[in-house]
Amino acid sequence: MKYIGILGPSAFSVGFITQPFTCDPGHVLQYPDVITNDGGDFNPQTGEYICPVDGLYMFHGTFRSQRNTLGRIAIMVNITVLINILKW
């Protein structure tokens, strides 16, 4: 892939490799394991990815709630919820 201009590649891969996690409702996930952060656009302290240019972005994840508990995940752009998933 060829990059034009001064912007280089932007990619990140994060996860919970070393431990499972729990979090409170409304909490932004802060991933302890950063595998890739090309371009430095992912902030591991805040759990936020800042898109460096307008475009089409793809995010992939696996989500599992504990047995007999409600789980919820939302994908947001700024403060707008784009996807809201509930798992029973």
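The protein chain exposes about 7800 Å², and carbon and sulfur atoms supply 56% of this area. Accessible areas come from the Shrake-Rupley method with a 1.4 Å probe, and for residues only the protein chains shown count as cover. The model is a predicted one, in which local features need pLDDT of at least 70 and side-chain atom pairs count only at pLDDT 80 or more, while totals for chains, interfaces and linings use all residues. Residues are numbered from 1 along each chain as its sequence is written, and side-chain values use heavy atoms, with hydrogens and water left out.

**Overall organisation**

The protein chain contains six strands and zero helices, so that its elements read β-β-β-β-β-β from the N terminus on. Both kinds of element are DSSP runs numbered from the N terminus: helices are H or I runs of at least four residues, and strands are E runs of at least two. Of the 88 residues of the protein chain, 10% count as buried. Buried means under 20% relative accessible area, exposed means over 50%, and partly exposed lies in between (1.4 Å probe, protein chains only). Among contacts between residues at least 6 apart in sequence, 22% join residues at least 24 apart; a contact means heavy atoms within 4.5 Å.

**Aromatic rings**

The structure holds three aromatic pairs. One of them is formed by F12 and F42, which are stacked at 4.8 Å centre to centre with 5° between the planes. This pair links distant parts of the chain, since F12 belongs to strand β1 (residues 11-15) and F42 to strand β3 (residues 42-43), 30 residues apart. Rings of Phe, Tyr and Trp (its six-membered ring) pair if their centres lie within 6.5 Å; planes under 30 degrees apart count as stacked, over 60 as edge-to-face and the rest as tilted. F12 is partly exposed, with a relative accessible area of 26%, whereas F42 is buried at 3%. Ring pairs link F12, F42, Y49 and Y57 into a cluster.

**The loop between β2 and β3**

D41 is placed in the loop between β2 (33-38) and β3. D41 counts as buried because its relative accessibility is 19%. Its side chain makes a polar contact with the side chain of S10 at 2.5 Å. A polar contact is a pair of N or O atoms within 3.5 Å; within protein, one must be able to donate a hydrogen and the other to accept it, and residues adjacent in sequence count only if both atoms are side-chain atoms. Not counting residues up to four places away in sequence, D41 touches S10, E48, Y49, I50 and P52. G39 is found in the loop between β2 and β3 as well, and G39 counts as exposed at 59% relative accessibility.

I73, I75, V77, L82, I83 and I85 form a nonpolar patch on the surface, with about 490 Å² of accessible area together. Patches are made of residues with over 30% relative accessible area and no salt bridge, like charges being joined within 9 Å and nonpolar side chains (Val, Leu, Ile, Met, Phe, Trp, Tyr) within 5 Å. A salt bridge is a side-chain nitrogen of Lys or Arg within 4 Å of a carboxyl oxygen of Asp or Glu. Strands β5 (71-77) and β6 (80-87) each supply at least two residues of the nonpolar patch. I73 lies in strand β5 and is partly exposed, with a relative accessible area of 34%. L82 lies in strand β6 and is exposed, with a relative accessible area of 53%. N78 is found in the loop between β5 and β6 and counts as exposed at 74% relative accessibility.

**Separations in sequence and in space**

| Residue pair | Separation in sequence | C-alpha to C-alpha distance |
|---|---|---|
| I73 and G26 | 47 residues | 9.3 Å |
| N78 and I50 | 28 residues | 9.6 Å |
| G39 and S10 | 29 residues | 4.8 Å |
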